[in-house]
Each structure stands twice: as C-alpha cells, then as structure tokens.
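Q: Could you take me through this structure feature by feature, giving the general idea of how each is read and then the case at hand?

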Amino acid sequence: SLITSYVHSNAILKQKLEEHDPELQLRTPINANGVGFHRIVETLNHLARDYSDEMFDMETKPLLEYIQSRLDTVKLLKSEATLSDAKTCIILPGSGVGRIAHEVAAKYPNSHVHSIEFSSLMYLANQFVYNGKETSSVSPFCNYYSNHLTTEDQLRKFELPLGSFAKPENLKTHYGDFTKFTLASEGNEYQDIIIVTAFFIDTAENLLSYLDAIESFQRNLADTKKSTLHWINIGPLKYGTKPMIQLTKKELSLLRKKRGWSDLQELCDTSKKIGYITDEKSLYKSYYSVLQFHSTKK
C-alpha cells in the first residue's frame, strides 16, 4: 500500500514507531498477521471521516465548530502577533488522523499547537496525509458485510484531497501516551494552556489518570493570577477500553467541581445526534449525543 511504502522510505519514522508499537508491528509487512485487521479498517474509516468532504461535513465539522467557538472566547488567541511570542498553547490528545488539530492550528497560527496520538496506525495515517501530493480515495464501508442495500453502495469511494493539506508551521504531532506527555522543553511561559478533547475521555481505562494528565499542565503556566488552564470537551460517555471508572454526566460535573474546575459552559442535548463513521446509505446507522463543556482552572 501507499502507507507501507511511505513508512519504509522514512527511516526516522520507522524507527520511532518500532520503539513503541502496541498494535502495529512494522518489523513485518503491514498486511501480515501481526496487524489487527480491525485496526486497519478503523484507520481507513477515520481517514474518510476527517478528510473526505462528505463525511467531514457530517461528522467532524460539528465537533470542530464547537471547539472553535469556545477557542474564540480565549482573548489571547486573537491578540498574539507572532508565533515566537506565543503565550497560548493548545493540546489535542487522542487526535486520530489529525483533521481537528490541523484546522485548529491553521485558524490560530500564532499559538503553539500539539497533537498526541497513541495509535501507531492513526499517527502514521496523519503523517501520510501531510506527505500526500495528490488526491487518493478510500472505500470505508467495504469491510462491513451487512446492512448494505447494494454492492455498489458497499464499495463506493470517498476522495481524500491530500495534496491540499500542508502541515501548519505551529503544529507539532506526537506519537505516544498522552498521560506521559510533557511540555518541559518549552518552559513555564504560557498565559493560557487549552486542552481539547474530542471523542476521547471515555477511551481511558482510568479516567482519573486523564484528569491528572490534564491538570499537570498547570506547571507550564506563567506564575500570574491571569494564567488559566482550559479544558474544552465534546463527545459521548461511551466507556470502552476496559474502564475502571464509568461516570455519568452529573458525576463528571461534580468531580470537575471537586477538583477545582469552574464550568464556563456545559451543554448536553440528547435530542441532537452526531454520526460516528456511519454509512448514511446503509440499513444501520451509528449516532451519538455529545457532552460539551468548557472548564477553567486557575
């Protein structure tokens, strides 16, 4: 595949992935039995979700619109003159194949933006996007063997205009565990640090470890009364990774308050739904209602 060729032609990336590689064994070919087939399907689906116009508009764009509406309320994001003078940092854990992080970095070019992804396949696909020079296509539903009306629907392609995505100068992409990620090399210099989580917090085995990681970035704030840690979230509470803790919306709200967070906004309307890699032409469709909040911690 094109992604396989890209990995094996990039020695630095290949070495980085092989050092820590929980699901993709690049010492063997990408299609060998060592690779979980469901992970390949998942990654291809996410490429279509984030980069094809049709699926982006239905599924990723609603998430991005909420995130950007809250980022627009952070005054420093609009006032910074140059990237070298950045006093805000935006961190997006669980960034997948990277479209939300890309759009955030493009909209706020004078802020530091970091995306972190723990899935080697997702991270690899994100790098593939930035090295793409032309339009590719993917059939995201070809490996689903029920719910289709016709074979043509099952095999239909979604175009990915990869050549139109240049990596923003202010965006750094990281491969690894968000709970171990630090900004130590950049010093304690930020006025605002903004953690953005989209379809992420319920992926934790231990949700408290995610909260600890988010709150750890307080050490990178400048020592002033105006310095603020922000947390912007949008996504369901569909715990799915052997969760030790499964909190309701109310319990999560109380936990934030107990830990010193103040909500600027919390929304949750179960009458509204967002698709998640769903085939609009199939007999089965997957939708979620989402919990949205913007909290701050001084």
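Q: What percentage of the 298 residues in the protein do buried residues make up?
A: This is a predicted model, and in it buried residues make up 52% of the 298 residues. The accessible surface comes to about 14,600 Å², and carbon and sulfur atoms hold 51% of that surface.

Q: Which residues of helix H10 are buried, and where do they fall when seen down the axis?
A: A residue is called buried when its relative accessible area is under 20%. In H10, which spans residues 249-258, the buried residues are Leu 252, Ser 253 and Arg 256. Viewed down the axis of H10, these buried residues fall within an arc of 100°, so they line one face of the helix. On the face turned away from the buried side, the exposed residues are Lys 250, Leu 254, Lys 257 and Lys 258.

Q: What covers the buried residues of H10, and which residue just after H10 takes a positive phi?
A: The cover includes helix H9 (207-215) together with the strands S7 (228-235), S8 (262-267) and S11 (291-297). Just after H10, Gly 260 takes a positive phi of about 95°.

Q: With which residues does Arg 256 form a salt bridge?
A: Arg 256 forms a salt bridge with Asp 263, where the closest N and O atoms are 2.7 Å apart, and another with Glu 266, where the closest N and O atoms are 3.0 Å apart. Since Arg 256 lies in helix H10 and Glu 266 in strand S8, the latter pair ties together parts that are ten residues apart in sequence. Arg 256 counts as buried at 1% relative accessibility, whereas Asp 263 is partly exposed, with a relative accessible area of 38%, and Glu 266 counts as partly exposed at 30%. Salt bridges link Lys 249, Arg 256, Asp 263 and Glu 266 in a network.

Q: How many salt bridges does a search of the whole structure find, and which parts does the pair of Glu 215 and Arg 259 tie together?
A: The search finds nine salt bridges. In the one between Glu 215 and Arg 259, the closest N and O atoms are 2.8 Å apart. Glu 215 lies in helix H9 and Arg 259 in the loop between H10 and S8, so the pair ties together parts that are 44 residues apart in sequence. Glu 215 counts as buried at 15% relative accessibility, and Arg 259 counts as partly exposed at 22%.

Q: How is a pair of aromatic rings described, and how many aromatic pairs does the structure hold?
A: The description of an aromatic ring pair rests on the distance of the centres and the angle of the planes. The structure holds 14 aromatic pairs. The rings of Phe 141 and Tyr 144 have centres 6.2 Å apart and planes at 70°, so this pair is edge-to-face. Phe 141 is buried at 2% relative accessibility, while Tyr 144 is partly exposed at 36%. Phe 200 and Tyr 210, by contrast, form a stacked pair, with 4.6 Å from centre to centre and 5° between the planes. Phe 200 lies in the loop between strand S6 (192-198) and H9, and Tyr 210 in helix H9, so the pair ties together parts that are ten residues apart in sequence. Both Phe 200 and Tyr 210 are buried, and ring pairs link Phe 178, Phe 181, Phe 200, Tyr 210 and Phe 217 into a cluster.

Q: Over which rings do Arg 49 and Arg 99 lie?
A: The charged end of Arg 49 sits over the ring of Phe 199, at 5.5 Å from its centre. Arg 99 lies over the face of Phe 56, at 3.9 Å from the ring centre.

Q: Is Ile 234 buried or exposed, and how far apart are Ile 234 and Val 290 in sequence and in space?
A: Ile 234, which has its place in strand S7, is buried, with a relative accessible area of 2%. Ile 234 and Val 290 are 56 residues apart in sequence and 6.1 Å apart in space, C-alpha to C-alpha. Leaving aside neighbours within four places in sequence, the contacts of Ile 234 include Pro 62, Tyr 66, Phe 199, Val 290 and Leu 291.

Conventions
Residues are numbered from 1 along each chain as its sequence is written. This is a predicted model: local features need pLDDT of at least 70, side-chain atom pairs count only at pLDDT 80 or more; totals for chains, interfaces and linings use all residues. Side-chain values use heavy atoms; hydrogens and water are left out. Buried means under 20% relative accessible area, exposed over 50%, partly exposed in between (1.4 Å probe, protein chains only). Helices (H or I, at least four residues) and strands (E, at least two) are DSSP runs, numbered from the N terminus. The arc is that of the directions from the helix axis to the C-beta atoms. Contact means heavy atoms within 4.5 Å. Accessible areas come from the Shrake-Rupley method with a 1.4 Å probe; for residues, only the protein chains shown count as cover. Rings of Phe, Tyr and Trp (its six-membered ring) pair if their centres lie within 6.5 Å; planes under 30 degrees apart count as stacked, over 60 as edge-to-face and the rest as tilted. A charge sits over a ring if NZ of Lys or CZ of Arg is within 6 Å of the ring centre and within 35 degrees of the ring normal. A salt bridge is a side-chain nitrogen of Lys or Arg within 4 Å of a carboxyl oxygen of Asp or Glu.
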